Amino acid sequence: MKTKNINIAVLALAIGSSFSAHASTDFFGYARAGLHVSPDGQKGNGQPDYIRAEGAPNKYRLGNEDDWAELGIRHDLYEEGTERAEIGFMMGTWHNPETRSNSFTIMQAWGQMYGILGSEKTSLWAGQRYTRNIADDMLDFKYWDNSGRGFGLRDIEAGDVLIDFATVYNNVAYTDYQDESKTRRSAVVMPEFRVHGIDFLNGNLTLGVNYAVVVDDTDIKEHVGEGNYDRDGYMFTVNHKSNIAGAYNIFTVQMNGGIGVGGWHDGEGELLNLTTPGTSYRIMNHGFCTINESWGCQYSLAYENISMDDANDDGKDWFAVGIRPKYSWNQYMQTEVELGYQLVNSERYDDSNTSWKATLAQKFQLGTVPHIRFYATYAEAETNWQEVSFGKHSSEENTAIDSWTFGVQFEAWW
């Protein structure tokens, strides 16, 4: 019996070794965590306020964010010549500073095959997947994000350019107008088509079309009414990435309409707006420039204008500008200063909501990552109206807050 067990183990090891001879496994992720405390935060108990302008889609992040982690693994199950098959999985965890609890969610789970369409570049995937999001890192704002459960083809070769196609499904939230304290969901399918790798003006040009259509509106008709919602929406994107004279720049223009009025951003179609359609456009410009061996600078500029179809709904516009100069003392130490300002106007009210923040951070590192940074942030916000929900603004007596936040945080990606 003992000999038989040893033989089986040896056989299993031999099979496993031959299987993994050509396979590779990658562990990847992102994490930040540490101490964050505000002696005069509005929420009390030392909890920082993490300030943004009311109605803004996101905030300037350095020294103005809590803990977050993404952990993933990707493994090749098959590899033969130009053909390869992989599986992947990623989970995320977020620390809720108010409840002092952690939430966990599956962010990606997929299978992907390369080389099955005659090209080693082209792949077919299915599962829950990020679809090559584009983000402004200073704002932590993913403004082109069609993530969800679905399938797609990546890097279809068409001459000198590449084509991606994906279709994902999401349950998109909306408010029950019969009981506004309740949130309901409806099924939406969201196909995407993009052409990338276009040589243009010393850079790489990407053109994209996103579409969204409600595929099951039974629940909406019952809780909103026959004529009080749109069935579809769209977004057109022009994105240009260039590297000129030491500056890496990303410039994007987006046009949106219907239930896609808020634009495809920050995951799983949650900001599609089924019962508050309209039109909008967004301009983003951000990047990083290297001045010399010691000095560099990250920058961010954003503008968005939203107009609503229904006269009872409220449009708005948002403006944000930020800069983060960096000085490298040596290979181990860097000092960063981030300044960020936001302004949000409502079509319903005259006064604006504003915020600004300043962060001084001293960073220590070995190689590129991980970083350990000590930081201090001062931030102010003035609020003159509240965004109760998308397209629904309410008046508020002028309120202003200002606070200091101190912290020590590690950050790494791999």
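## Exercises on side-chain surroundings

Gln112 is found in strand 4, which covers residues 101–114; strands here are DSSP runs of E with at least two residues, numbered from the N terminus. The model is a predicted one, in which local features need pLDDT of at least 70 and side-chain atom pairs count only at pLDDT 80 or more, while totals for chains, interfaces and linings use all residues. Residues are numbered from 1 along each chain as its sequence is written, and side-chain values use heavy atoms, with hydrogens and water left out.

**Exercise 1.** Decide whether Gln112 is buried or exposed, and find which side chain it joins in a polar contact.

*Solution.* Begin with the classes: buried means under 20% relative accessible area, exposed means over 50%, and partly exposed lies in between (1.4 Å probe, protein chains only). Gln112 has a relative accessibility of 2%, and therefore counts as buried. Next, take a polar contact as a pair of N or O atoms within 3.5 Å, where within protein one must be able to donate a hydrogen and the other to accept it, and where residues adjacent in sequence count only if both atoms are side-chain atoms. The side chains of Gln112 and Arg129 are joined by such a contact, of 2.4 Å. Finally, when residues up to four places away in sequence are not counted, Gln112 touches several residues, including Arg84, Trp125 and Arg154, where contact means heavy atoms within 4.5 Å.

**Exercise 2.** Find over which ring Arg84 lies.

*Solution.* A charge sits over a ring if NZ of Lys or CZ of Arg is within 6 Å of the ring centre and within 35 degrees of the ring normal. Arg84 lies over the face of Tyr114, at 4.1 Å from the ring centre. In another case, the charged end of Arg194 is placed over the ring of Trp144, 3.8 Å from its centre.

**Exercise 3.** Explain why the pair of Phe141 and Tyr143 is tilted.

*Solution.* Rings of Phe, Tyr and Trp (its six-membered ring) pair if their centres lie within 6.5 Å; planes under 30 degrees apart count as stacked, over 60 as edge-to-face and the rest as tilted. The whole structure holds twelve aromatic pairs. For Phe141 and Tyr143, the ring centres are 6.1 Å apart and the planes stand at 50°, so the pair is tilted. Tyr327 and Trp329 form an edge-to-face pair, with 4.9 Å from centre to centre and 85° between the planes. Tyr327 is partly exposed, at 24% relative accessible area, and Trp329 counts as exposed, at 53%.

Terms used:
Helices (H or I, at least four residues) and strands (E, at least two) are DSSP runs, numbered from the N terminus.
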